[in-house]
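Here is a friendly walk through a two-chain model, written to be read with the structure open beside you. Keep the viewer handy and follow along section by section.

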Amino acid sequence: MEDLPGDVRVDTRVVVEHLRSVVGSAPGSYPRTWLPQATFDELLVRADREPIHLHPSLHHLHRRWDMGHARTHAGSGWGPKAIGRRILARIVNAALDRYFTEEQEFRAALAQSIDGIAYRVDEIASADLRNLLDVVRDDLLDLSRYVDDRIDTRLSDTRASDA
Amino acid sequence: MVDSTKAARRPEHRTRPHVAVVTRHWGDSGDEATAATRLVAGAVSRHADVSIVHLVSPLVPLETLRDSVFEVHRVPVHGARPLRSGILRVALAVHDGGLGVPATAASLLERYEGDAPEVPEVLERLAPDAIVLAGHHQPYDIGVLGARASAGRARVVALPYLGDDRRLAAEPVRSLLEAADVVGVVHPGERRAVLAACPGRSERDVVLLDLALSLNRNAASHRLFGVRWFGRYVLSIRDFPPGGARYVRSVTHEVLRSVVGRVSVAEVDGEQWRISDRENTLELPVSPSRVNLWRLMAHAVATIDLRPPGPFGRETIESLLLGTPVVVPDASAAMEHAAAADGGLWYRDVGELFDATRVLMNRPVRDRLAAQGRAYADAKHAQVDDFVARVGRIVLGEGAG
């Protein structure tokens, strides 16, 4: 349909049937970028939110905050270059020991803080959702009681008028 | 029987034919059935004096009012129970889509619709030459209108506004169609359904009304303020006119925007209108009027109708008249217009909605559908004089119009 000659009429029934047949013949492979939650209401969209503590960047932080191994690793090999690197590393570590120690403590504190915040946010979000669900459930119960009462009232009205 | 030959009962000053329109669909409501009834009544008023017999619930006293050129007789509907009727309908729909309505439930539903026993008396008093029964809900003894084609009977025209073909299974709807001399339908699908449900009825007696709509094209040529900054856009209608039926769960504005790529999305949601692209959203500070809807519609890439289907598909016809292709729900009046015009696509579910919208992002296809849709709508729904003449012939017989 990209290049339509000027006098060709597009039959919309054919177009719709074609789209349906494409989807019907390969439901798995046919690309649909929309997500199921597109059709849900706001509450369910929120329920589908991924917890922050499962976020990949938090995992990265957990894996990389500790510099201990880098500071103590002596390296391997007995060639002139390897021996030179070991001597240089000892000199740098000795000179900057206090700085590296503070840096290590800072990274540990940072990782712990972000971790703690992430878990707290997730807890709050879950509590929010639970509260919301409670409110909705209570509303539904109220509605069903109201409908029940209304039907009873109207039935008694009908019986009274019939009598 | 309502007898049109009882001239003694007619006022002597009456020089034009007299037509009574019996309906629940009157007043200020912007719903499609009311709009269709007003269009038909307006067209009839060019040929005849028109009295509206307005069936009203909750209860009102019998009274006569003036509404423009129409004399409105308000008749109460007794014992209507809309709440219980709604509950039962929802329950039946959940069970099997409302297809197999048990006889007990059907009779209950009929009872819940109420009863307007004063209608025959009012019609007898009016002694019209023709009676238009607008809407499938006519809660009184249809038998008083007399048998079809019986001598001296006022001509009876039914406009059932079925909306859903399954209504044809209901006995009151069948009685209504059986009593009518002519059935006026609002889209080709309704005509097919009526002919299938009434095999004995001649095709000539089931007539397409092809309702004519007047659009202010001059006003529509001006974009709404601020819309220009958003470039090309699709228009999604979630609720219009404000306060109408809407789905609680629907396609979100944001997801629709992700489907149309670089094209912006304008949304009409009751009184909240907005347009947004990837970065910016503008709440449109306009009154939610039909003229403003045309101004959005006329410049849109496509109109996407997200509402529960109505019986007439008015906004679809308007969009086609303005040269904007449509994406509309399947099995609806809107879909019938889109298919007859080859002016738009339709969907059964959200996935198909997005597929259809993506197809319309293809410019050659979109331009072709726009041209086809406009040609159809101009021919069928823009010729007001033809519509007035057609309605005159349908309601008053071949001699009129």
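## Before you start

Two residues are in contact if their C-beta atoms, placed from the backbone, lie within 7 Å. This is a predicted model, in which local features need pLDDT of at least 70 and side-chain atom pairs count only at pLDDT 80 or more, while totals for chains, interfaces and linings use all residues. Residues are numbered from 1 along each chain as its sequence is written, and chains are lettered from A and ligands numbered from 1 in the order in which they are written.

## The two chains

Let's begin with the overall make-up. Chain A has 5 helices and 0 strands, giving the pattern α-α-α-α-α along its sequence. Chain B has 14 helices and 15 strands. Helices (H or I, at least four residues) and strands (E, at least two) are DSSP runs, numbered from the N terminus.

Burial comes next: a residue is buried if 20 or more other C-beta atoms lie within 10 Å of its own, exposed if 12 or fewer, and partly exposed in between, with C-beta atoms placed from the backbone. Of the 163 residues in chain A, 3% are buried; in chain B, 47% of the 401 residues are buried. Counting contacts in chain A between residues at least 6 apart in sequence, 69% join residues at least 24 apart. In chain B, 67% of the contacts with a separation of 6 or more are between residues 24 or more positions apart.

## Two domains in chain B

Chain B is divided into domain 1 (7-79 + 114-212 + 383-396) and domain 2 (217-381), with bounds that come from an automatic or database domain assignment. Taken over C-alpha atoms, the centres of domain 1 and domain 2 of chain B are 32 Å apart.

Where do the domains touch? In chain B, 16 residues of domain 1 are in contact with 14 residues of domain 2. On the domain 1 side of this contact, the elements that give two or more residues are α1 and α6 (188-197) of chain B, and α1(B) supplies the largest share, 4 residues. By class, that side has 9 nonpolar, 4 polar and 3 charged residues. Here Ala, Val, Leu, Ile, Met, Phe, Trp, Tyr, Cys and Pro count as nonpolar, Asp, Glu, Lys and Arg as charged, and the others, Gly among them, as polar.

In chain B, 8 strands form an open sheet with mixed pairing, in the order β3-β4-β2-β1-β5-β6-β7-β8. Two strands pair if DSSP finds at least two bridges between them. The edge strands, each pairing on one side only, are β3 (63-67) and β8 (206-208) of chain B. Neighbouring strands are turned by 25 degrees against each other on average, direction ignored. Within chain B, strands β2 (residues 49-56) and β4 (residues 70-76) run parallel and are joined by 6 bridges; B:S51 stands opposite B:E71 in β4(B).

Helix α1(B) lies across β1 (18-23), β2, β4, β5 (130-134) and β6 (155-159) of chain B, at about 175 degrees to β1(B). Axes are lines fitted to C-alpha atoms, for helices over the stretch in contact, and angles run from 0 to 180 degrees between N-to-C directions. Helix α1 (residues 32-44) also packs with helix α14 (residues 384-396) of chain B at an angle of about 85 degrees, with axes 8 Å apart. That makes α1(B) roughly perpendicular to α14(B); angles under 35 degrees count as roughly parallel, over 145 as roughly antiparallel, 65 to 115 as roughly perpendicular and the rest as oblique. In this contact, B:V40, B:A43 and B:V44 of α1(B) meet B:F387, B:V388, B:V391 and B:V395 of α14(B): 7 nonpolar residues, with no polar and no charged ones.

## Strand β9 and its partners

Strand β9 (residues 233-239) of chain B is mostly covered, with 6 of its 7 residues buried. β9(B) pairs in the parallel sense with strand β10 (residues 264-269) of chain B over 6 bridges, where B:D239 has B:D269 as its bridge partner. β9(B) also pairs in the parallel sense with strand β13 (residues 303-305) of chain B, over 3 bridges; there, B:I237 is partnered by B:D305.

## A buried loop residue

Is B:L360 buried or exposed? B:L360 counts as buried because it has 25 C-beta neighbours inside 10 Å. You will find B:L360 in the loop between α12 (350-359) and α13 (363-381) of chain B. Leaving aside residues up to four places away in sequence, B:L360 touches B:V301, B:A302, B:P325, B:V327, B:L345, B:V365 and B:R366. The C-alpha atoms of B:L360 and B:V234 are separated by 9.7 Å, though these residues are 126 residues apart along the chain.
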